[in-house]
Amino acid sequence: MYPRIRDLRQDKDLTQTQVAQLLNMSQTGYSKYETGENDIPTAVLIALADFYHTSVDYLLGRTDNPIPYDSH
């Protein structure tokens, strides 16, 4: 369901455990986000977008442009 968060994680050579620690959660909980078993809460989507320097829309597959929006 959320292949982009897996792809971004792998592109940075990070493990699920490392990203889960960043989000203050368990590896199992994070894994369920990558597989789509659990929906990702808005706060977690924002944290991931900030960490990967992209937009929430990119993470959700609503755009193919990984460049974050200009906040100005």
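Modeller: Gladly, and please keep in mind that this is a predicted model. Let us begin with the aromatic rings, of which 2 pairs are counted here.

Colleague: Where in the structure do Tyr 30 and Tyr 33 lie?

Modeller: The general idea comes from helix geometry: an α-helix has 3.6 residues a turn, so residues three or four places apart point the same way. In this case both Tyr 30 and Tyr 33 belong to helix α3, where they are 3 residues apart, about one turn of the helix. Both of these tyrosines are buried. The rings of Phe 51 and Tyr 52 also form a pair, and because their planes stand at 70°, with the centres 4.9 Å apart, this pair is edge-to-face. Phe 51 is partly exposed, at 29% relative accessible area, whereas Tyr 52 is buried, at 7%.

Colleague: Which residues of α3 are buried, and which helices do they pack against?

Modeller: Gly 29, Tyr 30, Ser 31, Tyr 33 and Glu 34 are the buried residues of α3, and they pack against α1, α2 and α4. After α3 comes Gly 36, which has a positive phi, near 85°.

Colleague: How should I read the buried residues of α4, and why can they be said to line one face of the helix?

Modeller: The way to read this is to list the buried residues and then look down the helix axis. In α4, which covers residues 42-52, the buried ones are Val 44, Leu 45, Leu 48, Ala 49 and Tyr 52. Viewed down the axis of α4, these buried residues fall within an arc of 135°, so they line one face of the helix. Thr 42, Ala 43 and Asp 50, on the other side of α4, are exposed. The buried residues of α4 pack against α1 (3-11), α2 (16-22), α3 (27-35) and α5 (56-60). Just after α4, His 53 has a positive phi of about 55°.

Colleague: How many salt bridges does the structure hold, and which parts of the chain does the one between Asp 64 and Arg 4 link?

Modeller: There are 5 salt bridges in the structure. In the one between Asp 64 and Arg 4, the closest N and O atoms are 2.6 Å apart. That pair links distant parts of the chain, since Asp 64 is in the segment after α5 and Arg 4 is in helix α1, 60 residues apart. Asp 64 is exposed, at 62% relative accessibility, while Arg 4 is buried, at 19%. The charged end of Arg 4 also sits over the ring of Tyr 58, 4.1 Å from its centre.

Colleague: What is the distance between the closest N and O atoms in the salt bridge of Arg 62 with Asp 57?

Modeller: In that salt bridge the closest N and O atoms of Arg 62 and Asp 57 are 3.2 Å apart. Arg 62 is exposed, at 65% relative accessibility, and Asp 57 is partly exposed, at 22%.

Technical notes. Residues numbered from 1 in each chain as written. Predicted model: local features only at pLDDT ≥ 70, side-chain atom pairs only at ≥ 80, totals over all residues. Heavy atoms only, no water. Buried < 20%, exposed > 50% of the residue type's maximum accessible area, 1.4 Å probe, protein only. Helix = DSSP H or I, 4+ residues; strand = E, 2+ residues; numbered from the N terminus. Arc of directions from axis to C-beta. Contact = heavy atoms within 4.5 Å. Salt bridge = Lys/Arg side-chain N within 4 Å of Asp/Glu carboxyl O. Phe/Tyr/Trp six-rings, centres within 6.5 Å; stacked < 30°, edge-to-face > 60°. Lys NZ or Arg CZ within 6 Å of the ring centre and 35° of its normal.
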